[in-house]
Amino acid sequence: MPSARSKVEIGPVEAHYYDLLLNLLSLGQYSHLVKSAVARMGIKPGQSILDLGSGTGRNDCLLVKELGPEGKVLGIDISKEMLSLSRKRCQAYPYVSFREGRIDVPLAYQEEFDKVFISFVLHGFEDPQKRKIISNAYQALKHKGVFYIFDYGEFDLERLWFPLRWAFVHGECQLALEFLRLDLKEMLWGQGFAGLEEEFFLKGHLRLLKAIK
Ligand SMILES: C[S@@+](CC[C@H](N)C(=O)[O-])C[C@H]1O[C@@H](n2cnc3c(N)ncnc32)[C@H](O)[C@@H]1O
């Protein structure tokens, strides 16, 4: 059951406007930000990547460009509409596939992927579910595989420019507000990850957190 404090499950109508909404909210910066994050993931041709909560497939089309024809991307999402949008969007890439499923229950993948990516999804779960998702990423990664979390950074909401603060408080869920103060690194260490590194975007408001199995 999704938490009442979350907005991470996107409805069928909203799914169709999701990319447009993000473009507007980020003042046209979103594609550029994701491209910058993906460029820092050290993706090598032929690698395999699992994308948890793959959404409209925008990120998967970027990931696959770095992988070449020998690589593969598997996106998992709970929303039929998102899956339909992502399949259509990535249809030119036969080595990108999408599956319907929950990412906060045990997954079947064991040591199969070089990288696991999760973008703007983790903040929308209660802590026990976050731990389950992190544990799923750990299980799915090969030895020395890398987990990348692209999401909000730790920042003081009170210091945000008033219109942005208003948009964040009214547009985002309670769990996202709490995520700004969450010790995510502690959670990653607790699930067995090591070698944590972080890169910041938009003055630290967004973060790409890297954790090694
Ligand atoms: C905020 S969107 C992010 C989409 C994409 N990762 C991005 O960065 O554009 C959250 C996505 O997570 C999916 N989602 C929410 N809860 C989920 C769950 N329990 N299991 C799998 N996917 C889930 C939603 O359907 C949606 O596509």
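Helices, of at least four residues, and strands, of at least two, are DSSP runs numbered from the N terminus. On that basis the protein chain has eight helices and seven strands. The structure is a predicted model. Its radius of gyration is 16 Å, close to the 17 Å that the globule rule gives for 213 residues, so the chain is as compact as a globular protein of that length.

**Overall build**

- Taken along the principal axes, the box filled by the C-alpha atoms of the protein chain is roughly 45 × 35 × 35 Å.
- Of the 213 residues in the protein chain, 38% are buried.
- Among contacts in the protein chain with a separation of 6 or more, 72% are between residues 24 or more positions apart.

**Surroundings of the ligand**

- There are 19 residues around the ligand, and those that come nearest are Gly53, Gly55, Ile78, Ser79 and Ser119.
- Helix H3 (58–67) and strand E2 (72–77) are the elements that give two or more residues to this shell.
- Sorted by class, the shell around the ligand holds eight nonpolar, six polar and five charged residues.

**Helix packing**

- Two packed helices are described by the angle between their axes and by the distance between the axes.
- For helix H1 (residues 12–25) and helix H4 (residues 80–89), the angle is about 35° and the axes are 8 Å apart.
- H1 and H4 cross in a right-handed way.
- On the H1 side the meeting residues are Pro12, Ala15 and His16, and on the H4 side they are Glu81, Met82 and Leu85.
- The contact of H1 with H4 comprises four nonpolar residues, one polar and one charged.
- Helix H2 (residues 30–39) packs with H3 at an angle of about 35°, and their axes are 10 Å apart.
- The crossing of H2 and H3 is right-handed.
- H2 brings Val34, Lys35 and Val38 to this contact, while H3 brings Asn59, Leu62, Leu63 and Glu66.
- By class, the residues of the contact of H2 with H3 are four nonpolar, one polar and two charged.

**Residues with a positive phi**

- Most residues other than glycine have a negative phi.
- Phe120 is not a glycine, yet its phi is positive, at about 55°.
- Phe120 sits in the loop between strand E4 (113–119) and helix H5 (127–140).
- Phe120 has 19 other C-beta atoms within 10 Å, and a residue needs 20 or more to be buried and 12 or fewer to be exposed, so Phe120 is partly exposed.
- Leu202, also a residue other than glycine, has a positive phi near 50°.
- The place of Leu202 is the loop between strand E6 (194–201) and strand E7 (206–212).
- Leu202 counts as partly exposed because 13 other C-beta atoms lie within 10 Å, and a residue is exposed if the number is 12 or fewer.

**Leu182, a loop residue**

- Leu182 lies in the loop between helix H7 (174–179) and helix H8 (184–190).
- Leu182 has 16 C-beta neighbours inside 10 Å, so it counts as partly exposed.
- In sequence, Leu182 and Asp127 are 55 residues apart, and in space their C-alpha atoms are 9.4 Å apart.

How values were computed
Residues numbered from 1 in each chain as written. Predicted model: local features only at pLDDT ≥ 70, side-chain atom pairs only at ≥ 80, totals over all residues. Near = placed C-beta within 6 Å. Nonpolar A, V, L, I, M, F, W, Y, C, P; charged D, E, K, R; others polar. Rg over C-alpha atoms; globule rule 2.2 N^0.38 Å. Contact = placed C-beta atoms within 7 Å. Axes fitted to C-alpha atoms, helices over the stretch in contact; angles between N-to-C directions. Left-handed = near helix turned anticlockwise from the far one by under 90°.
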